[in-house]
Amino acid sequence: MKKIHWTLETLSCKVVWFLSTVIFVLLTGTGLIFTRYFAADYNGEIPYVKIACFPLTLLAALLIGGIIYAIADRVSEDGQRGKKQVQFILACVLLWCMAFGTAWVLLAVSTPVSDQAMVTSSAERFLEGDYGRLGYSKYLYYYPFQISLAAFEELVFYLFGVNNYTAFQLLNVLEITGTVYAGYRITALLFDRRKVEVSYLLLAAVCFPFLIFSAYVYSDVVAIFMSVVLIWQTLSLLKTGKKRYILGMILAASLAVLLRSNSLIILIAVCCVLVVKAISEKKWIYLLCILLMGAGILGSRETLYRYYEEKSGMELNEGMPSVLWIAMGMQEGDKEAGWYNGYSMYTYQDVCLYHGPTAKALGIAEIKARAKGFLKDPIYAVDFYFRKFTSQWNDPTYGCFIMTHATDLERNALGISMYDGNIKKLLEHFMDPYQLLIYGSILFLLLYRRKEKRSVEWYILLIGVLGGVLFHELWEAKSRYVLPYFIIMIPMAAAGLSELGDAVGRWRTKDEAVKAG
């Protein structure tokens, strides 16, 4: 009997494979059965449930996948010819992302509302030397983490003009294009097959939720860009050993977390891989990378906060305790399980009068009370977290329409169709099977290649996805929040689609040979 030699890296890979398989069985299964959607009139951000037409959704997913595989399969794996083909497709996809994103921005004429509007107006006031929003009971007093985004927008408005939302949105277009390129480099590092690279590029080119978010005046797009660059730079370091990639890791990690704190999930995934590699290979420079990234994040935030304290003459508040968002994520509401219901603001502002320690104590008490209730009624707990899970991961739009539809201007006929007419309907009909294709392709890859031994960095994207699932089952829910993890699924889906297409091809060839014999 063969003795199994377990190492930390082997054990880590087995655990990640098992958990990922469970998650993608759930994602694929629920994606076949139903979908989540928002009302066509944009009246409230409520994720309704719609039973899917199982055969049509599956057929459409297979059709999309078949077309993409057919194109990718024509690319040569050998020689300069294949390399030039991939470079040509890469150039076409990047140009497409820029063209589509720019057209969407100009036609959508989206206007910041809610938190977007508060941050943009804060940035505009900063330019005028008005720092009142940092004061007691004001927006940046209880949300000081938004200062980073306000600073970024202040820079954009300084360079391109106050209220120039279009400039910010066009920067989003560049960042989306950069994300697609960084994802292509990740795909090449992980799989080194031109067929997979082309499949990735074509899948990324039709990831319309991400492309539509070009019109969103917020930090989501730039944070996704920096997070994907962080993974790219990390894989480059692990593969080549060249220390120049460490600087890219530090810069990407610092900007990603500074502009959107949820980017910590991707950073933690990167750190998990680095720790395992450091211990397995005894390369302690990987641990140094973690320390340097941590120093970069803390240093950049501290520098920015001290800058605004000096400019404003005010000491920045610590803000609303994070436990309030966790407590809210355990509550029912008028939207769906764990979605925003006003609890965090009500507790911090009205009950505790902006006193952080008291609000934190009340948040912890609420968490304990809800946990006790879940333990007493496990069937309800399963139902609650199932609804919370599907409300985020089974919305194929990831909130791209409802989060960008607001405008102060009059849209032309094409712009109206994008948000209320046939263009929106067409894109929604495409997004549902596309989402199923992504989930199903990854599930196939995990099952089909389950016996192959992999290094832990091969799982880096899936570790990020697992972190996203865990975090957003704990945190306040919103389908927009899980878009970053869907983006980092695409390279794995491209590999799964290629494996599926190859397997079908081998099956057909074998079947034809049997018939001929």
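**Close-up views of a predicted model**

**View 1. Arg454 and its partner Glu452.** At 23% relative accessibility, Arg454 counts as partly exposed. This and the views that follow come from a predicted model. The side chain of Arg454 meets that of Glu452 in a salt bridge, at 2.9 Å from N to O. Glu452 is itself partly exposed, with a relative accessible area of 34%, and its side chain also forms a salt bridge with Arg449, at 2.7 Å from N to O. Arg449 counts as partly exposed too, at 26% relative accessibility.

**View 2. Glu499 in helix α22.** Here we look at a residue of helix α22, which spans residues 490-516. Glu499 has a relative accessible area of 11%, so it is buried. Beyond its neighbours within four places in sequence, Glu499 is in contact with Arg193, Phe444, Leu445, Tyr448 and Arg449.

View 3. Lys277 and Glu9 pair through their side chains, at 3.3 Å from N to O. Lys277 sits in helix α12 and Glu9 in helix α1, 268 residues apart, so to speak linking distant parts of the chain. Both Lys277 and Glu9 are buried.

View 4. Leu8, Val275, Ile279, Trp284 and Leu287 make a patch of about 410 Å². Leu8 lies in helix α1 (residues 8-33) and is partly exposed, with a relative accessible area of 38%.

**View 5. The largest pocket.** This pocket holds about 1200 Å³ of space. Among its 45 lining residues, Phe145, Tyr218, Trp325, Glu476 and Tyr481 lie nearest the centre. Elements giving two or more residues to the lining are α4, α11, α12 and α13.

Note on methods: Residues are numbered from 1 along each chain as its sequence is written. This is a predicted model: local features need pLDDT of at least 70, side-chain atom pairs count only at pLDDT 80 or more; totals for chains, interfaces and linings use all residues. Side-chain values use heavy atoms; hydrogens and water are left out. Helices (H or I, at least four residues) and strands (E, at least two) are DSSP runs, numbered from the N terminus. Buried means under 20% relative accessible area, exposed over 50%, partly exposed in between (1.4 Å probe, protein chains only). Contact means heavy atoms within 4.5 Å. Patches are made of residues with over 30% relative accessible area and no salt bridge: like charges are joined within 9 Å, nonpolar side chains (Val, Leu, Ile, Met, Phe, Trp, Tyr) within 5 Å. Accessible areas come from the Shrake-Rupley method with a 1.4 Å probe; for residues, only the protein chains shown count as cover. A salt bridge is a side-chain nitrogen of Lys or Arg within 4 Å of a carboxyl oxygen of Asp or Glu. On a 1 Å grid over the protein atoms alone, a cavity is a set of points where a 1.4 Å probe fits but cannot get out, and a pocket is an open set with protein on both sides within 12 Å along at least five of seven lines; lining residues have an atom within 4 Å of a point. Grid points are joined across faces, edges and corners, and a volume is the space filled by probe spheres set on the points.
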